[in-house]
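Subject: Structure for your review

Dear colleague,

Please find below the structure that I am handing over to you. My findings follow directly after it.

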Amino acid sequence: TLTRLPGMSRSPNILVLHGENVGDRNQAETLAKLMGWPYRMERLQPPRRPRMPKITGAEPDAVIVVTMQGTRMALRMNKQLSRPMKIIKLGVADDIESADLNIVSGKDWKPPHGKTVYQQLPFSMVDQDKLNRARSDFPQLQTLPQPRIAALIGGTNRYFQWDVETARTLGQRLNAAAKALNGSLLLTTSYRTGDECANALLAEIKVPHACYRWGDDG
């Protein structure tokens with residue numbers, strides 16, 4: 001439940017500090033929209049040449065950050081404001097005490113803490129209107145046999161390693177799962193997947209399927 005800060009007669013002003021990662025930025029902006037208060041987006045400069053965001057208009061009352069760089073910048077800004085902002089941190093909370101509130105999704109689970117709220121999935125920019133438009137924009141998907149299994153293909157990150165053999169094995173398992181159900185696959189790769197691994201995975205798919213490859217214009 002979100003409420004105004006104590007003693008405040010107006011809606012709080014929200015600042016979103018984001019980096020280059022599109023997924024992180026979308027999560028932070030989605031949270032700002034859900035809060036229903038005025039907000040503005042501010043892109044952080046690369047860590048090698050950090051620059052303090054310029055405060056124009058009313059001072060922010062709360063800031064949403066995703067990265068540790070954003071947290072450090074918010075702490076620096078707090079020293080220059082007439083009163084400290086509330087810091088809301090999304091994702092892995094490496095330093096829980098730095099933020100007033102940490103919002104962590106299932107994939108980033110950490111031990112319980114009084115300043116932490118857990119949710120099953122990250123925030124998403126997708127809403128019902130977008131889903132309805134997509135349903136009419138992609139009628140060819142309706143021809144695929146049911147059940148339709150959607151698979152979002154990731155790649156290497158700081159937790160998992162991803163290579164051609166792993167991609168090939170995943171393709172075999174997805175194909176077997178859909179075949180056992182006489183169904184189909186809806187595959188989406190990500191910027192982490194890589195062309196070589198995507199090709200290896202798709203070579204194992206024999207059941208009816210549709211694939212959106214990251215970066216495809218279509």
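Four of the five residues of strand β5 are buried, so this strand is largely enclosed by the rest of the structure. Here, buried means under 20% relative accessible area, exposed means over 50%, and partly exposed lies in between, with a 1.4 Å probe and protein chains only. Strands (E, at least two residues) and helices (H or I, at least four) are DSSP runs, numbered from the N terminus.

Please note that this is a predicted model, in which local features need pLDDT of at least 70 and side-chain atom pairs count only at pLDDT 80 or more, while totals for chains, interfaces and linings use all residues. Residues are numbered from 1 along each chain as its sequence is written, and side-chain values use heavy atoms, leaving out hydrogens and water.

On one side, β5 pairs with β4 in the parallel sense over three bridges; two strands count as paired if DSSP finds at least two bridges between them. K89 stands opposite N102 of β5, and L90 has I103 in β5 as its bridge partner. β5 also pairs with β6, again in the parallel sense, over four bridges, and there the bridge partner of I103 is V117 in β6.

These strands belong to an open sheet of six, in the order β2-β1-β3-β4-β5-β6, with parallel pairing. Its edge strands are β2 and β6 (116–119), each of which pairs on one side only.

Helix α1 (residues 22–35) has buried residues that pack against β1, β2, β3, β4 and β5, where contact means heavy atoms within 4.5 Å. Those buried residues are Q27, A28, E29, T30, L31, A32 and M35. After α1 comes G36, with a positive phi near 80 degrees.

Finally, the structure holds one aromatic pair. Ring centres of Phe, Tyr and Trp (its six-membered ring) must lie within 6.5 Å to pair; planes under 30 degrees apart count as stacked, over 60 as edge-to-face and the rest as tilted. Y191 and W214 form a tilted pair, 5.8 Å centre to centre with 50 degrees between the planes. Y191 lies in the loop between β8 and α5, and W214 in the segment after β9, so the pair ties together parts that are 23 residues apart in sequence.

Yours sincerely
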